[in-house]
Amino acid sequence: MKNALAWRYATQKYDPAKKISDGDLQEILEAINSAPTSYGLQPFKLIHVKSPELRAQLRAASFDQSPLTDASDVIVFTVNRNVEDQHIDSYMQRIVEVREVEREKLNRFQQNMIGVLSNLSSAELIAWNTKQAYIGLGFGLVMAAHLGIDSTPMEGFQKDRYDEILGLTDDHAVLVLTFGYRSDEDHTQHHKKVRKTLEQLVTVK
Ligand SMILES: Cc1cc2nc3c(=O)[nH]c(=O)nc-3n(C[C@H](O)[C@H](O)[C@H](O)COP(=O)(O)O)c2cc1C
């Protein structure tokens, strides 16, 4: 794992001829889906953008970043703009199915969650939801590296334009993750990784 994390980098130029397998993509999506989230609510969704036309439009709304059209796969993370009772309800239903518990036993948990989330403004809720999406992003990046697949996390794009292009109204695009295989011409793969030293990062008290 240590080697995989050292090997990965935010790929700037992909080889458009190289596609990742369906099995590898599935594993990455499952890794994102396995990320922990606050309350376990998973308040984000993924759009796998396959249409070349849409990908070209997204590239134009992303400062012309080439991974949008040249990577094998493009995943857009979206979050809810508002607390949806329906969303919380379907989460409760899922717990009932998976854990085979009685629905009534979850009422307190549900009320607690609604109590906290319904006090947030739409902007606060988007921020809270987006924090959860970043955890998923991290899991996807790590799984891709583990599989020897290149990736690029991106937030350098015009989010409102993404919403328009993808026809989102209740949901809001917040992050992009692209996957594929690096081009030999991507010079950034040779750059040394710049990170803090552990002494700079960690304080012991
Ligand atoms: C949330 C997030 C957003 C990022 N947005 C972009 C982006 O829009 N375009 C880009 O080329 N790199 C983007 N990056 C990549 C970072 O610049 C890169 O991860 C950082 O410089 C460290 O380099 P490394 O990932 O190659 O080790 C983003 C990274 C993260 C985590």
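Is glutamate 100 buried or exposed? Glutamate 100 counts as exposed, at 70% relative accessibility. The cut-off for exposed is over 50%. This is a predicted model.

**Helix α5**

- Helix α5 runs over residues 85-99 and has 15 residues.
- From its first C-alpha to its last, α5 reaches 21 Å. That is close to the 21 Å expected at 1.5 Å a residue.
- Ile88, Tyr91, Met92, Ile95 and Val96 are the buried residues of α5.
- Viewed down the axis of α5, these buried residues fall within an arc of 145 degrees, so they line one face of the helix.
- That buried set packs against α6, residues 107-117.
- Gln86, Arg94 and Val98 sit on the other side of α5, and they are exposed.

**Positive phi: glutamate 100**

- The phi of glutamate 100 is near 55 degrees, a positive value in a residue other than glycine.
- Glutamate 100 is also exposed, as the opening question asked.

**Positive phi: aspartate 64**

- Aspartate 64 is not a glycine, yet it has a positive phi of about 60 degrees.
- The loop that holds aspartate 64 lies between α3 (52-60) and α4 (67-70).
- Aspartate 64 has a relative accessible area of 51%. Exposed means over 50%, so aspartate 64 is exposed.

**Ligand site: surroundings**

- Residues from several parts of the sequence numbering surround the ligand, as listed here.
- Arg8, Tyr9, Ala10 and Gln12 are among them.
- The surrounding residues also include Gln65 and Tyr134.
- Pro153, Met154, Glu155 and Gly156 belong to the set as well.
- Lys193 and Arg195 complete the list.

**Ligand site: polar distances**

- Arginine 8 has a side-chain N or O atom 2.7 Å from an oxygen atom of the ligand.
- Glycine 156 uses its backbone: an N or O atom there lies 2.9 Å from a ligand oxygen atom.
- For arginine 195, a polar side-chain atom lies 2.9 Å from an oxygen atom of the ligand.
- Taken alone, the ligand exposes 620 Å². The protein buries 64% of that area.

Key
Residues numbered from 1 in each chain as written. Predicted model: local features only at pLDDT ≥ 70, side-chain atom pairs only at ≥ 80, totals over all residues. Heavy atoms only, no water. Helix = DSSP H or I, 4+ residues; strand = E, 2+ residues; numbered from the N terminus. Expected span 1.5 Å × (residues − 1). Buried < 20%, exposed > 50% of the residue type's maximum accessible area, 1.4 Å probe, protein only. Arc of directions from axis to C-beta. Contact = heavy atoms within 4.5 Å. Near = heavy atom within 4 Å. Polar contact = N/O pair within 3.5 Å; in protein donor to acceptor, adjacent residues only side chain to side chain. Areas by Shrake-Rupley, 256 points an atom, 1.4 Å probe, with all protein chains shown as cover.
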